[in-house]
Amino acid sequence: MFDERNLKILVVEDNTLVVEFIKKLCTRFGHIIVGIAGDGKTAVDLAASLRPDVILMDIGLPEMDGIAAAKVITENSPSPIIMLTSYDDKELVEKASSVGAGAYITKPINPDSLERAIIIARARFNDMVALRMLNLNLFLECETRRKAEEALKKSETQLKDANNSKSKLFSIVAHDLRSPIATLSSLLEIASDGAMDIEFRNSLLLELRQHTKNTLDLIGNLLEWARTQLGAVTPKITNLQVKTISGEVLELFEANLKRKEISVQENIPDSLTVSADREMFKTILRNLISNSIKFTPKLGKISILAEALDQVVEISVIDNGTGLSHADQNLLFNLATHHSTQGTEKEKGTGLGLILVKEMVEIQGGLVSVQSEVGKGSSFTFTLPRGN
């Protein structure tokens, strides 16, 4: 309940006699005149600066009439407005109401009517403000609840994805890691038998070496992927020469390339650099080149291309291998699908390498994509920020 006395009144009237009469009445009612304006523009300024409890506004004002002034006041610094006029005009009443006037009094002013009008206008205004606050609080409460529900749904989705990823990881460890280790065990058991000729022994050792390398690659990818999921990977960004890193990675595959008689063509400018983590960059290239070797037949060709595009460097690993169907391309880069196929010489994999590539590229602010056609080969392209 508001105090019906001691209200701050702004009088907007260009007739000094009417102003003096209103001042006497307001003093009798126990209110305080905080300002007097003789025109609409002054009224707008005083309403904004004084923030009166009630405004008594004549309609017929110079420069800006009372209707126009009331409209501006209601939009910018709302206070309850009582319109004063010498004419009992229905159209004027409707105009006054349309701009927010809470009451309408004709001249000559009746003291009792003015007192009631001031009290009622302020009470209605207070009720309106309270209703707006209630509506605002209800809106904020609904928004808070909606955002909480959205956050809960997002958390549920993330938890579900995390559980699916964990289950898939356990599946990889249980099957894909167990299988090569079992194969190694069998090969070692055969190797322990001394009764074998040199040719068979050399062949066995070559197979042992290949299985050992594949198993180590798998374990490395598993560990790197696990680190990304735990948020334990923080890129150490430095300027790296693309051609230098590409050369270092290619050296790791020298024996595989030679065995399958695959030629490699590098088209990388000597001075081209990226702003990236060295080990992550090498892991990305290692997985993409390993993938190309796996699916490229003997006497095939692999190309490694790199070029600067504005603020990024685009790097592609292209082969003329078996290629991928459109359906298989949609299964890549996603642990949930666990897409893996054998290579041209029955090489095995888990599909985890490409997932790791995507996560490491995106951690460093890049993007990865694939273009492929069955029987013609594949092109894996990724971007990294350009070096300084």
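These are my notebook entries on a predicted model of a single chain.

**Entry 1: the whole chain**

I started with the overall picture. The chain has 388 residues, and 38% of them count as buried. I found 11 helices and 12 strands listed for the chain. Taking contacts between residues at least 6 apart in sequence, 72% join residues at least 24 apart.

Next I went after backbone geometry. Most residues other than glycine have a negative phi, and most peptide bonds are trans. I wanted the exceptions.

Which peptide bond is cis? I found the one from Lys 107 to Pro 108, with omega near -5°. Pro 108 sits in the loop between β5 (101-106) and α5 (111-191).

Then phi. Glu 63 is not a glycine, yet its phi is positive at about 65°. I placed Glu 63 in the loop between β3 (54-58) and α3 (66-76). Glu 63 counts as exposed because its relative accessibility is 65%, and the cut-off for exposed is over 50%.

Leu 299 also went on my list, with a positive phi near 65° in a residue other than glycine. Leu 299 belongs to the loop between α9 (278-295) and β9 (301-309). Is Leu 299 buried or exposed? I have it down as exposed, because its relative accessibility is 65%.

**Entry 2: salt bridges**

Side chains of opposite charge can pair when their charged atoms come close. How many salt bridges are there? The count comes to 12.

I looked up Glu 13 and Lys 107, whose side chains meet in a salt bridge at 2.7 Å, N to O. This pair links distant parts of the chain, 94 residues apart: Glu 13 is in the loop between β1 (8-12) and α1 (16-29), and Lys 107 is in the loop between β5 and α5. Both Glu 13 and Lys 107 are buried. I also noted that Lys 107 is on one side of the cis bond to Pro 108 from my last entry.

Moving on, I checked Arg 278 and Glu 248. They form a salt bridge, with the closest N and O atoms 2.8 Å apart. Arg 278 lies in helix α9 and Glu 248 in helix α7 (residues 242-252), so the bridge ties together parts 30 residues apart in sequence. Arg 278 is partly exposed, with a relative accessible area of 33%. Glu 248 also counts as partly exposed, at 25% relative accessibility.

I then took the pair Glu 373 and Lys 376, where the side chains meet in a salt bridge at 3.6 Å, N to O. Glu 373 counts as partly exposed because its relative accessibility is 43%. Lys 376 counts as exposed because it reaches 58%. As for shared partners, salt bridges join Glu 13, Asp 58 and Lys 107 into one network.

I picked Leu 240, which is in strand β6 (residues 237-241). Why does Leu 240 count as buried? Its relative accessibility is 5%, and buried means under 20%. I then listed what Leu 240 touches, leaving out residues up to four places away in sequence: Ile 245, Leu 272, Thr 273, Val 274, Ala 276, Asp 277, Arg 278 and Phe 281. For Phe 281, I noted a C-alpha separation of 9.0 Å from Leu 240, at 41 residues apart along the chain.

Thr 383 was my other pick, in strand β12 (residues 377-385). Thr 383 counts as buried because its relative accessibility is 16%. Which residues does Thr 383 touch, not counting those up to four places away in sequence? I wrote down Val 312, Val 313, Glu 314, Val 361, Gly 366 and Leu 367.

**Entry 3: a nonpolar patch**

Last, I went back to the surface. Met 133, Leu 136, Phe 139 and Leu 140 form a nonpolar patch there, with about 380 Å² of accessible area together. I looked up one of them, Leu 140, and found it in helix α5. Leu 140 is partly exposed, because its relative accessible area is 43%.

How values were computed
Residues are numbered from 1 along each chain as its sequence is written. This is a predicted model: local features need pLDDT of at least 70, side-chain atom pairs count only at pLDDT 80 or more; totals for chains, interfaces and linings use all residues. Side-chain values use heavy atoms; hydrogens and water are left out. Helices (H or I, at least four residues) and strands (E, at least two) are DSSP runs, numbered from the N terminus. Buried means under 20% relative accessible area, exposed over 50%, partly exposed in between (1.4 Å probe, protein chains only). Contact means heavy atoms within 4.5 Å. Patches are made of residues with over 30% relative accessible area and no salt bridge: like charges are joined within 9 Å, nonpolar side chains (Val, Leu, Ile, Met, Phe, Trp, Tyr) within 5 Å. Accessible areas come from the Shrake-Rupley method with a 1.4 Å probe; for residues, only the protein chains shown count as cover. A salt bridge is a side-chain nitrogen of Lys or Arg within 4 Å of a carboxyl oxygen of Asp or Glu.
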